[in-house]
Amino acid sequence: MIYTVLLPAAGSGKRMGAGQNKLFLELRNVPILIHTLRVFDRDPNCEQIVLAVKKEEKVLIERLLKEYRVTKVSAIAEGGEERQHSVYAGLKAITTKGIVLVHDAARPFIHQVVIQQLVQAAHTSGAAVAAVRAKDTMKKAVNGIIQETIDRESLWIIQTPQAFQYTILEKAERLAEVENFLGTDEAMLVERLGERVHIVESTYDNVKMTTREDLLYGEAILNKREQEE
Ligand code: CTP
Ligand code: MG
């Protein structure tokens, strides 16, 4: 089933501490951003890719798209102060009103199977997010004192992609802007509308390149996948 992917790429990568947007850092000599773009460029069901980037990085990114022959990018929007602003800017640049997947440009290892399940779930139910089960015991603490142990069975660690019918996500983003609400993911904005958001079980290797040690993990994932090919 056909979809559009929106990749917010306008962050600063502060936690990576590289002094530049972490998406330009390389894993096996290829920028993280390109690894992520390739997943969607190669997926026949992905009909267009929309990027949200920093104004001052647009030229560099356009150069990378040419160099690595990424062909499906249909629009490059100007990102905003917060991730949510970047996503909304990207959403406004989407021309088709079908299924939209929002995916962190910093998560290059998402599996094709999960993408398809998300698209299917959003088509059927409106909204779906990728998630994995919490592996460790989870407790709630206030000021360093444990208040309770939370039933792990009901806990999910939420990732991206997050898939939506365009009209639902558009309404959620618009309302959040009007009400000055800043969420930590798109699902949160859609939950506020009273819409049901479904979970699609993803994989633990769909990690976000956030801190230095994630790069080591990223290289290891690429090595493993190469051996399996
Ligand atoms: N992002 C964005 N616009 C922002 C902030 C983030 O498009 N204003 C993007 C990032 O480029 C990244 C994704 O959202 O692809 C997830 O964000 P995160 O991992 O937090 O990346 P950064 O914000 O760049 O990193 P940090 O929070 O460490 O500064
Ligand atoms: Mg951030």
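1. The crossing of α3 and α5 is left-handed, a term for a near helix turned anticlockwise from the far one by less than a right angle. The model is predicted, with local features requiring pLDDT of at least 70 and side-chain atom pairs pLDDT 80 or more, whereas totals for chains, interfaces and linings use all residues. Residues are numbered from 1 along each chain as its sequence is written, and side-chain values use heavy atoms, without hydrogens and water.

2. Helices α3 and α5 pack at an angle of about 130°, their axes being 11 Å apart. That makes α3 oblique to α5, since angles under 35 degrees count as roughly parallel, over 145 as roughly antiparallel, 65 to 115 as roughly perpendicular and the rest as oblique. Axes are lines fitted to C-alpha atoms, for helices over the stretch in contact, and angles run from 0 to 180 degrees between N-to-C directions. Helices (H or I, at least four residues) and strands (E, at least two) are DSSP runs numbered from the N terminus.

3. In this contact (heavy atoms within 4.5 Å), Gln84, Val87, Tyr88, Leu91 and Lys92 of α3 meet residues of α5 including Tyr166, Leu169 and Arg174. The contact residues divide into 6 nonpolar, 1 polar and 5 charged; Ala, Val, Leu, Ile, Met, Phe, Trp, Tyr, Cys and Pro count as nonpolar, Asp, Glu, Lys and Arg as charged, and the others, Gly among them, as polar.

4. An open sheet of 7 strands has mixed pairing and the order β5-β4-β1-β6-β10-β7-β11; strands pair if DSSP finds at least two bridges between them. Its edge strands are β5 (73-78) and β11 (198-201), and the twist averages 25° from one strand to the next. Strands β1 (residues 3-8) and β4 (residues 46-53) run parallel, joined by 6 bridges.

5. Helix α3 (residues 83-92) lies across β1, β4, β5, β6 (99-102) and β10 (156-165), at about 145° to β1. Helix α5 (residues 166-178) touches β6 and β10, its direction making about 110° with that of β10.

6. The count comes to 1 aromatic pair, by a rule that requires ring centres of Phe, Tyr and Trp (its six-membered ring) within 6.5 Å and calls planes under 30 degrees apart stacked, over 60 edge-to-face and the rest tilted. The rings of Tyr3 and Phe40 have centres 6.4 Å apart and planes at 80°, so the pair is edge-to-face.

7. The peptide bond from Thr160 to Pro161 is cis, with omega near 10°, and Pro161 lies in strand β10. Arg69 has a positive phi of about 55° and sits in the loop between α2 (58-67) and β5.

How values were computed
Chains are lettered from A and ligands numbered from 1 in the order in which they are written.
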